[in-house]
Amino acid sequence: MFPKPEAVWLPIAIVKMSRFYVDLKGLLDTIPHSELIKCVSRRIVDRNVLRLIKLWLRVPVEERDKDGRGRMSGGRQNKKGTPQGGVISPLLANVYMNRFLKYWRIKECNETFRARIVSYADDFVILSRGKAAQALELTSAVMERLGLKLNQDKTVVVDVWNENFDFLGYTFGQTWFRKTGKRYMAASPSRKSVKRLKQKVRAILRPGEKGAWPEVRDRLNALLQGWSAYFCYGTTQIAYRAV
């Protein structure tokens, strides 16, 4: 059984706001090494550590398809991107993305566009009161200067008063209080997140399972507890009942 969620604080007011969800095209493949090392060197002064990071960025990576055919990427001649699947790659992506966030703060874009920005690695959302188009134009220009490009297929502008959007496994937007029919803004586990969890539960409780029940039970509990620990924010009752 899922634990009862505690009261949560919604950090960003989204009532009557426009927003755009931004996805950077191949961020981990396109970060320029020279600029990334400049960002890292502002935080790390140990030359040995910096050398290790440089070596990490240029390590050759072998990928294999479903037929077992291999393909090499990276290597000494590589001057862009971080290794896909590398444990340090998300951290380096966040370090580089901080250049954009710093520019946003210095130029006081929160006030200019009446906006707030929330980022996670190569995904971020900008919430703006009526100036989403202008904020998107500025973001695109700054990304070009950083050597990055917006993924035009996934970067969209949405009016959150009329449409919902998904971010980091949650659905944000308008919902209704069932008892009164009153509308309010909420965050809840997305349908995709609930669907994926159902599939994992179904795999554990498959009819042909021959494992001992205590073992199966422990795996199931670990899955549910981990999921509910992340999805304990906002309105969760409908998602919990579905699971």
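Predicted model: local features only at pLDDT ≥ 70, side-chain atom pairs only at ≥ 80, totals over all residues.
Residues are numbered from 1 along each chain as its sequence is written, and side-chain values use heavy atoms, with hydrogens and water left out.

**Exercise 1. The overall picture**

Find how many helices and strands the protein has, and what share of its residues is buried.

Solution. 
- Step 1. Start with the elements. Helices (H or I, at least four residues) and strands (E, at least two) are DSSP runs, numbered from the N terminus. The protein has nine helices and nine strands.
- Step 2. Turn to burial. Buried means under 20% relative accessible area, exposed means over 50%, and partly exposed lies in between (1.4 Å probe, protein chains only). Of the 243 residues, 35% are buried.
- Step 3. Accessible areas come from the Shrake-Rupley method with a 1.4 Å probe; for residues, only the protein chains shown count as cover. The protein exposes about 16,000 Å². Carbon and sulfur atoms supply 53% of that area.
- Step 4. Look at contacts. A contact means heavy atoms within 4.5 Å. Take the contacts with a separation of 6 or more: 61% of them join residues 24 or more positions apart.

**Exercise 2. Salt bridges**

State how many salt bridges the structure holds, then describe the one between K38 and E35.

Solution. 
- Step 1. Recall the idea. Side chains of opposite charge can pair when their charged atoms come close.
- Step 2. Apply the cut-off. A salt bridge is a side-chain nitrogen of Lys or Arg within 4 Å of a carboxyl oxygen of Asp or Glu. The structure holds five.
- Step 3. Take the pair. K38 and E35 meet at 3.4 Å, N to O. They are three residues apart in helix α2, so about one helical turn separates them.
- Step 4. K38 is partly exposed at 44% relative accessibility, and E35 is partly exposed at 23%.
- Step 5. Widen the view. E35, K38 and R99 are linked in a network of salt bridges.

**Exercise 3. Two more pairs**

Where in the chain do the partners E209 and R219 sit?

Solution. 
- Step 1. The side chains of E209 and R219 form a salt bridge at 3.6 Å, N to O.
- Step 2. E209 is in the loop between α7 (191-204) and α8 (213-230), while R219 is in helix α8, ten residues apart.
- Step 3. E209 has a relative accessible area of 22%, so it counts as partly exposed. R219 is partly exposed at 35%.
- Step 4. R217 is partly exposed at 33%, and D218 is partly exposed at 44%.

**Exercise 4. Buried or partly exposed?**

Sort H33, P189 and W161 by relative accessibility class, then place each in the fold.

Solution. 
- Step 1. H33 lies in helix α2. Its relative accessibility is 6%, so H33 is buried.
- Step 2. List its neighbours, leaving out residues up to four places away in sequence. H33 touches L57, R58, N78, K79, K80 and G81.
- Step 3. P189 is in strand β9 (residues 183-189). Its relative accessible area is 8%, so P189 is buried.
- Step 4. Beyond four places in sequence, P189 touches several residues, including G169, Y170, W227 and F231. P189 and G234 are 45 residues apart in sequence, and 8.5 Å apart in space, C-alpha to C-alpha.
- Step 5. W161 sits in the loop between β6 (156-159) and β7 (165-167). At 25%, W161 is partly exposed.

**Exercise 5. Positive phi**

What are the phi values of E108 and R114?

Solution. 
- Step 1. Most residues other than glycine have a negative phi.
- Step 2. E108 has a positive phi of about 55°. E108 lies in the loop between α4 (89-106) and α5 (109-112), and is partly exposed at 49%.
- Step 3. R114 has a positive phi of about 45°. R114 is in the loop between α5 and β4 (115-120), and is partly exposed at 48%.
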